[in-house]
Amino acid sequence: MSLRQRKPSPPAPSPAPARRPSARRSARPLALLLLAAAAYLIWPSRTTASDPRAERAGHADFDDGRKTTAPGAFLEPASKALHYVNVMLGNGGPEPNLSGGMIPAVAPPFAMTRWTPQTRLNYVSMCPYNQTDTRLHGVIGTHQPAVWMGESGPVQLAAGVGDVVTDFEARGLPFGKADEYASANYYANLLDTGRGKLGVELSATERTGHVRFTFPPGESGYVVVDASRKSVITSDPANTTYPSGWVKVDSTRNEVVGWNDERQDHILVGDDLPATRFKGFFVARFSAPFARAGTSHLGRLTAETSSAGPVLSAWVGFGDDVRVVDVRVGVSFISVEQARRNLDLEIPDGQTLEQTSYRTRRAWADKLDGLSVTGATPHNLTVLYSGFAHTLVYPYTVTEPTPAGPAYYSGYTDAVVPGTSYSGYSIWDTFRAQTAWLLLVAPERVGEMVQSMLQDYTQGGWLPMWKNVVETNIMVGTHADAVIAQAMSAGIKDFDWDLAWEAVRKDAYVPPDRDTKLSFFDREEHTPQEVRAGLTHYLAHGFVAADTHAEAGSRTLDYAYDDHAAAIVAAHVGADDQAELRRRASNWRRLWRAETGFMEARKAGGSWAGEDEGWTEGDHWAYTLNVMHDVPGLIDVMGGSREFVDFLDRHFDEGHNLHTNEPSHHIPYLYAYAGAHEQGQDAIRKIAREEYNHTDIGLSGNEDCGQMSAWYLFGALGLYPVDPASATYVLGVPLFDTATLTLGPTDVRVRKAGAGSYVRGVVVNGRAVDGVTVSHGELVGGEIVFEMGD
């Protein structure tokens, strides 16, 4: 995770509120459709059950008081999985330690831009929406990939009636939860203007947002489009800057176009990756002509239709007879012209909001409905399918369909280049399980995601650690090595294996610039790319020194694991370095302190640094068990299986297992290596029961780009990738009676056989398993039977 502190487990969910009735709309010619939708949105009682606009149940009741019904057109195509997706799951709790760091985003899987209702200005540690808020300030097309990362090139829209208000805080309008509906393909709300209700509806495609505003009868409506805004740098709201922007109102096209250069994480990496030409471009096209228009600069309204500078907005007003305004917003990192092209390709003129919603809902249903389970409660299904959706967001595409073919803005070259690329790589988090999950549910993307990392290496000199437009140096270790090893071990061929080895080998052997001069502490500003900071000392002595580099204990253990991953890559390409890398993979032993029975960081001279020194989002309890590639060796240094199980028991019984952060995620599966299967299965079920639930506080820690949910999803299958680089899975206990993935060549079937609470044997594709792991090749296209007993 990007959060360097622990978070408390959430309280128990509140009692479920009563369900509320609502409405539905149909397909008609556009003008009639929009008028009918407006009439119904304001007066839902005017429809009947047989009316095609009538609302019906859209999703399960998530005990938050929000609407559970939506117009039927927004529930097509039918999807069992989407009925259980709670887009508010993980949005509960006070900022910045909200439970999960999630937002009720509307976008298809892996979309470049996610659109969400906006109740707050967002920045590092602050999401744009929080379910505790009661005023809506508009909607935002966001590129903030996680709560502890910064925003880049956003687009904000808001609507109102009467006198134009562009100031973000002043334009917020109150709403009630009973009027708010949120799903992955459609969001709707009613805002109180003081002069009647203003309807807001939202859907989106990969690079284009689609908003419908319905104004109160007899009122003069307007829409504000923010080109640039006040921006918070770091997580301190008092530390503000004012990015530049440009905006133009084009009445002949019914468009507002513009850009901004906001990139909140620009302070994290030095001049070698400046990305100075980065801009978020947009074209907002309106369905109604403008009766009046202007711009707003630093809150001052003008009649000028073009302007540049900070805190800049355009505003357009409509005649009193205009009730419904459709706004389609194309977004690009390339140019205004490309933003217009994205709009025309994805939401062309004449496409209704209902049609946009259908396309996005279909994309979600095609994936989520490929997973089915039996023996789960409705609340279990909400955790399962909401989590599945969370794993299909990152990394997100930044590729755009230019006239010359696929291309993207590269922050590494600060130019537009041909090819396919992704951003939002939270690799320290996701290499543990989310990337393995993508091998099962989105294998068609894995190769190009790896190739994207290799393009970053070619253009920027290193594989990414935490890429947000460019590298940000968040977290430690070069775990892209493990992602590449995993893809090779799983048989993914559609990336350049030789180039991959070149990049991985550089990670393993070349220290970063100024390695002996910088400590590379968390979020140290204006540094070179961090990669394996402290590698100079590691290569010479086998560990990173705690008195010269921050987080030295975690770095040493992570570098040993990354050496293991690099050795796997070397073996796949036949390189000579594999023996040396395997030897280096045992460097974890240099931190083992036999007299205390724990791992401990060392100072440069070899003395011990102290049990609390040098850990990343964990402590000496979690990191003592952070030898994912050599668990038998760890058992041996601890004195054998009995002592190892005793350590695990104390780890769990004394409350040291902090599932809120990733270093603990693999730990319950370690029991299997020592033959203590029952204790491990009890621990797995307890975590699934206590750390996840179906409400907005349903994640005990930040989602971290799908990693928290990937743990639960693998639990549903009864296994977990303890050593992800090897593309193997440690057997545990399935959470449900059966679980089936039917997504093509990676189909997986899991079932329990017999009565009882504990797994007594496992049969994979008709073969009894002697050990504790199965390979990726055995898992995909096969069947795993867990033989249960008491």
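**Entry 1**

I began with an open sheet of 6 strands, in the order 23-36-37-41-38-39, with mixed pairing. Strand 23 (371–374) and strand 39 (767–768) are its edge strands, and each pairs on one side only. I took strands as DSSP runs of E with at least two residues, and helices as runs of H or I with at least four residues, numbered from the N terminus. Two strands count as paired if DSSP finds at least two bridges between them.

I noted what kind of model this is: it is predicted, local features need pLDDT of at least 70, side-chain atom pairs count only at pLDDT 80 or more, and totals for chains, interfaces and linings use all residues. Residues are numbered from 1 along each chain as its sequence is written, and side-chain values use heavy atoms, with hydrogens and water left out.

**Entry 1: strand 41 and its partners**

I looked up both neighbours of strand 41. Strand 37 (residues 748–753) pairs with strand 41 (residues 782–789) in the parallel sense, over 6 bridges. There, valine 748 stands opposite glycine 782. Arginine 751 stands opposite valine 785 of strand 41.

Strand 38 (residues 758–764) pairs with strand 41 in the antiparallel sense, also over 6 bridges. Here valine 764 stands opposite isoleucine 784.

Is strand 41 enclosed or open? I found 6 of its 8 residues buried, so strand 41 is largely enclosed by the rest of the structure. Buried means under 20% relative accessible area, exposed means over 50%, and partly exposed is in between (1.4 Å probe, protein chains only).

**Entry 3**

I moved to strand 26 (residues 405–410), where 5 of the 6 residues are buried, so the strand is largely enclosed by the rest of the structure. Strand 25 (residues 400–402) joins strand 26 through 3 bridges, and the two run antiparallel. They form a hairpin with 2 residues between them. Proline 401 has proline 406 of strand 26 as its bridge partner.

On to strand 27 (residues 415–418). It is joined to strand 26 by 4 bridges, and these two run antiparallel. Tyrosine 409 has valine 416 of strand 27 as its bridge partner. This hairpin has 4 residues between the strands. Which residue in it takes a positive phi? I found aspartate 414, with phi near 60°.

I checked another open sheet, of 3 strands in the order 29-30-31, with antiparallel pairing. Strand 29 (425–426) and strand 31 (470–471) stand at the edges with a single partner strand each, so one side of each is left without a neighbour in the sheet. Strand 29 pairs with strand 30 (residues 466–468) over 2 bridges, in the antiparallel sense. Tyrosine 425 stands opposite lysine 467 of strand 30.

**Entry 2: two helices**

How many residues of helix 7 (residues 434–441) are buried? I counted 8 of its 8 residues, and the helix is mostly covered. The buried residues include Trp437, Leu438, Leu439 and Leu440.

I then picked threonine 556, which sits in helix 12 (residues 552–573). Its relative accessibility is 0%, so threonine 556 counts as buried. What does threonine 556 touch, leaving aside its neighbours within four places in sequence? I listed Tyr538, Gly542, Phe543, Val544, Asn587 and Leu591. Contact means heavy atoms within 4.5 Å.

**Entry 3: the whole chain**

I stepped back last. The protein chain has 19 helices and 41 strands. Its radius of gyration is 26 Å, close to the 28 Å that the globule rule gives for 790 residues, so the chain is as compact as a globular protein of that length. The radius is taken over C-alpha atoms, and the rule is 2.2 Å times the number of residues to the power 0.38. The C-alpha atoms fill a box of roughly 80 × 60 × 45 Å, taken along the principal axes.

Of the 790 residues, 66% count as buried. I also looked at contacts between residues at least 6 apart in sequence: 70% of them join residues at least 24 apart.
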